[in-house]
Amino acid sequence: MNVQVKFFGGARSVTGSKYLLEIDHKKILIDCGMFQGLKELRLRNWDSLPVDASTIDAVILTHAHIDHSGYLPKIVKDGFSGPIYCTEATQGLLEIMLLDAAKLQEEEARFAAKKGYSKHKKPQPLFSSKDAENALSLIKAFPYENPIDVLDNVKAVFHDAGHILGSSIIELKLQSNSHSRTIVFSGDLGRYKNPILNSPALINHADILFVESTYGDRTNENDKVEETFIKCVNKAMNREGCLLIPSFAVGRTQVLLYYFQKFMEEGSIPKVPVYIDSPMAISTTKLYWQYPKYHKLADKSLQQSSVFDYPQFQYYRSQEASAELNSIEKDAIIISASGMCSGGRILHHLYHRLHRNRDTLMFVGYQAEETRGRKILDGDPTIKIFGDELMVNCHIVKLNGLSAHADRSELMRWLGNLKEPPKKVFVVHGEETSSFALKESIKNELGWKNVIVPEYLESFELFAGI
């Protein structure tokens, strides 16, 4: 058995994760993400995949985030028709996220045609809603710790990665001629103190290891996150204005709701209305009832029903209801997507609130370069929204410690559970500085020798003749 890997994404970048395993004449794609962020990366989505999609035998997903799953409709459009393996909760998220991604593609194509800024006479979406539906029809979902026959000589097992609902570490077992080899993909690893999700499952053996490095160069302290959270909310309410929070619909919003419920019940913050103005966040929150085995809330004295069904929480789906929030002057908290202020309903709230000096804008997640969120954090005096330059007069706060990614110390803690060094370690899904920093930490602190930071489209032989 000969095994090779080719890096179609997630190499020296935190986006577009796609790793093609060639096992003799069979092909397995681990993750199938869209490129996001910088324009030079986004343009890769329009390049032809370096392999004929119809020749891929199976796709295995670590989790549902678009940078790991969003390219699925495109490869289906291009001829892929094999099974897509993921966890049950990931399937639930994909049914929300892939259709939303397709809708955005279609809307962008229509807008480009209307405004005439595309070089094409009739701009087309990268993929359509029908392509997304076709991709969803190929999904085969399994629980954690359940062996899956992917190929005749390849089994897969999903282990809890603790990153978002249903996220997984993929363990592949390759069997040939009485020999067995193990390949492990960490996916995106979560933190060890997440109040909702479990800590990442421990892996004690891997012949070949792929490990993410999003925060491979930094430590994200979360020891005082609750104390800081309370102070930020109380300061915002004492200004007699509103608190606006741009938040990722999947994962981050649910953690925020957990904390708001907890601190309001404790009396640490005032009981004011919390408006969840994000249809995707609302749909995602409902999945926590559907998949209680995939999170910790069902085991807590605070049951999931009381957390997300708290009387102070008001869920707004319609645009009409969303617009009503513009008239609220004080004593309210508004959570809306997108988390980096790059689109979605948060733009409408920013449009009406950036100039209000009694309002507070609190960032609770990473803000990528060139996004509105990053520009606001960097102190730009004006921000362009809907073609207008708006003055930034509201108070700006950055709350650290709520990241869903393991930091450098947590990544090293997880790696330290392996009983012996893997034959090869590939450091992936991180910017160059983060990936190389983690590589050096692995070599210096664990003493592992063969640690590689692959480049985009680079190929490696993993096993020969096993």
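Is K193 buried or exposed? Select K193: at 54% relative accessibility, K193 counts as exposed. Buried means under 20% relative accessible area, exposed means over 50%, and partly exposed lies in between, with a 1.4 Å probe and protein chains only.

This is a predicted model, so local features need pLDDT of at least 70 and side-chain atom pairs count only at pLDDT 80 or more, while totals for chains, interfaces and linings use all residues. Residues are numbered from 1 along each chain as its sequence is written, and side-chain values use heavy atoms, with hydrogens and water left out.

**Stop 1: K193**

K193 sits in the loop between strand 10 (179–185) and strand 11 (208–212). Helices (H or I, at least four residues) and strands (E, at least two) are DSSP runs, numbered from the N terminus.

**Stop 2**

Select seven strands in the order 7-8-9-10-11-20-21. They form an open sheet with mixed pairing. Strand 7 (148–151) and strand 21 (451–452) are the edges, each pairing on one side only. Two strands pair if DSSP finds at least two bridges between them.

Go to strand 8 (residues 154–160) and strand 9 (residues 168–176). They pair in the antiparallel sense over seven bridges. Click A156: opposite stands L172 in strand 9.

Next, pick V427 in strand 20. V427 counts as buried, at 0% relative accessibility. The C-alpha atoms of V427 and S213 are separated by 6.4 Å, although the residues are 214 apart along the chain.

**Stop 3**

Step on to H429, in the loop between strand 20 and helix 14. H429 is not a glycine, yet has a positive phi of about 45°. H429 is buried, with a relative accessible area of 3%.

E431 belongs to the loop between strand 20 (424–428) and helix 14 (432–446). With a relative accessible area of 37%, E431 is partly exposed.

**Stop 4**

Most residues other than glycine have a negative phi, and most peptide bonds are trans. Select R12, between strand 1 (3–9) and strand 2 (18–23) in a loop. R12 is not a glycine but has a positive phi of about 60°. R12 is partly exposed, at a relative accessible area of 22%.

Finish at A337 and S338. A cis peptide bond joins them, with omega about 10°. S338 lies in the loop between strand 15 (332–336) and helix 11 (346–353).
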